[in-house]
Amino acid sequence: MSPKLPLAIFIGTVLQSTLFWHLAPGGNSPDVGLVLTLLFMMGTQELDTSRFLALGSGLLTDIFSLAAFGTNGFLNLLVTMPFSQSWQRFISSNATVQVLTIGAISLVKGLLYYLVLFVYHQYPDFWLCLIHKILPVAGYNMLLATLILQCSTSWITSRRKPGYV
Amino acid sequence: MYTASHRQKKLLLLFLLFYMLVVMHRNMTHHNPPNLLEQATSYLAYPLQKPLEMGFQWGADIVSDTHDLFRAHSENQVLRKKVLELIESRNIYYELAFTNKRLRRMLEFKEANDYPLYPAQVIGHDAQSWYQTIVIDKGQADGIEANMPLVTYGGLVGRIIEATNYMSRVQLLHDQASRVGVMVQRTRSVGILKGTGQRICDITYLERSDDVMVGDRIITSGLGGVFPKGLFVGEVTSVTLPDTSLFAEVKVELTVDIFKLEELFVLQKNYSSKIQELLK
């Protein structure tokens, strides 16, 4: 694995935690670390490495966001754990499916996050959380994924191993 | 196909997942000081976080300043518009005040005179420079006829030279073709006021021996039957006695600023008729 990718995810996570805070203070921002990790997972066969990256980016996000330490990393790891080779093959064949998958995973992560908050802090309003947090973040993630795929299709493709369909 | 390495990675990931769950649970339930993992991650992130934060702060400041600039620009546009509106309002206010003042003086003038006066408004000036005439908004339909004098609170203005149904043309005093019988109010010396095309007009046929001084008030003499006697015309500004002439050269500044006329009065014909009767 090229060291560029962890660096990209690291910088992406930092960007998410600092740049978006400045652009939309108190608002929602895309989960850059997760999106980059998932794109990496879909474009390569290095699934385990991707999961480590997902964990790392989650932890970084926690640190930069001064959030509850471990939560993001745990959830990133959790949502990437079910990724398998056959699933990866299916997703990687189509950019739209990739984006939709990222949206779905983001949604799942958001719901799990709500669950964590609900368990530990009795977070009250599910629908409010869904409308104002979970869905917007999933939407931002899909937009970001689309943007990255559009801008760097060749780069992602070049990461695929020879003979991979 | 899983190799031993893959299995180890899987186990490690599962362990990490479990470990993270423990860490997360611990952090969620207890507010403890940062553990080793937190400290290590923070230590690694800090060198990048600090300059990035400064960079982003700088970028955010630029964005914020630019936004402020645009906002200031739009505010400036709004305020400029407001200033223009206020200037316009002030103009309207001043205009109303001046109109009020003018009309009040007109009213006072009308009340102070026994002449039958008919109010009229200037609606046009002669576009040519050959004649000094104005157009008023009253005509034959209002009883206006040729040779009716026009006055304002400042004094005599001129006479009607042409009346149509709804408007009339007025020959102003300073028109070069204008001739008005006048007299020096103080000495009662009689002469004829000749228009010069300017606000300073000449009085002819005043004897050299007539006692005329600068500042003397000039009024209409009433001779000629067009203008009633006693209307203020102007003040003498200069008196010259040429060696080669029988008459004094007297210059008079008209009291009415012809170029700023807006409202005036037409003297009704019955007054002229009375004059005619008296003259007869």
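This is a predicted model: local features need pLDDT of at least 70, side-chain atom pairs count only at pLDDT 80 or more; totals for chains, interfaces and linings use all residues.
Is Ser189(B) buried or exposed?

Residues are numbered from 1 along each chain as its sequence is written, chains are lettered from A and ligands numbered from 1 in the order in which they are written, and side-chain values use heavy atoms, with hydrogens and water left out.

1. Ser189(B). With 10% relative accessibility, Ser189(B) counts as buried; buried means under 20% relative accessible area, exposed over 50%, and partly exposed in between, with a 1.4 Å probe and protein chains only. Ser189(B) sits in the loop between E6 and E7 of chain B. Its side chain makes a polar contact of 2.9 Å with that of Thr187(B). A polar contact is a pair of N or O atoms within 3.5 Å; within protein, one must be able to donate a hydrogen and the other to accept it, and residues adjacent in sequence count only if both atoms are side-chain atoms. Setting aside neighbours within four places in sequence, Ser189(B) touches Val182(B), Met183(B), Val184(B), Leu206(B) and Asp210(B), where contact means heavy atoms within 4.5 Å.

2. Strand E6 (residues 179-184) and E7 of chain B run antiparallel and are joined by 5 bridges. Helices (H or I, at least four residues) and strands (E, at least two) are DSSP runs, numbered from the N terminus, and two strands pair if DSSP finds at least two bridges between them. Met183(B) is opposite Val190(B), and Val180(B) has Leu193(B) as its bridge partner. The hairpin has 5 residues between its strands, and Arg188(B) in the turn has a positive phi of about 65°.

3. Strand E7 and its other neighbour. E7(B) covers residues 190-194, with Gly191(B) and Leu193(B) on the covered face and Val190(B), Ile192(B) and Lys194(B) on the uncovered one. E7(B) is also joined to strand E8 (residues 200-207) of chain B, by 3 bridges in the antiparallel sense. Ile192(B) has Thr204(B) of E8(B) as its bridge partner. This second hairpin also has 5 residues between the strands, and Gly197(B) takes a positive phi near 90°.

4. Two barrels in chain B. One closed barrel of 6 strands runs E6-E7-E8-E11-E10-E9, with antiparallel pairing. Its twist averages 40° from one strand to the next. Another closed barrel of 6 strands, also with antiparallel pairing, runs E1-E2-E5-E4-E3-E12. Neighbouring strands of that sheet are turned by 45° against each other on average, direction ignored.

5. Ile258(B). This residue lies in the loop between strand E11 (247-254) and strand E12 (263-267) of chain B. Ile258(B) is buried, with a relative accessible area of 3%. Leaving out neighbours within four places in sequence, Ile258(B) contacts His125(B), Val157(B), Leu172(B) and His174(B). The C-alpha atoms of Ile258(B) and Gln198(B) are 9.5 Å apart, although 60 residues separate the two along the chain.

6. Chain B overall. The chain has 3 helices and 12 strands. Of its 280 residues, 34% count as buried. Among contacts between residues at least 6 apart in sequence, 56% join residues at least 24 apart.

7. Helix H6 of chain A. The 27 residues of H6(A) (residues 95-121) should span 39 Å at 1.5 Å a residue, and the end C-alpha atoms are 38 Å apart, which agrees; the expected span is 1.5 Å times one less than the number of residues. Asn94(A) caps the N-terminal end, with a side-chain oxygen 2.7 Å from the backbone nitrogen of Thr96(A). The buried residues of H6(A) include Val99(A), Ile102(A), Ile105(A), Tyr114(A) and Leu117(A). The buried residues of this helix pack against H2 (32-43), H4 (71-80), H5 (85-92) and H7 (126-151) of chain A, together with H1 (4-29) of chain B.

8. H2 against H5 in chain A. The two helices pack at an angle of about 100°, with their axes 8 Å apart. The contact is made by Met41(A), Met42(A) and Gly43(A) of H2(A) and Gln88(A), Ile91(A) and Ser92(A) of H5(A). Axes are lines fitted to C-alpha atoms, for helices over the stretch in contact, and angles run from 0 to 180 degrees between N-to-C directions.
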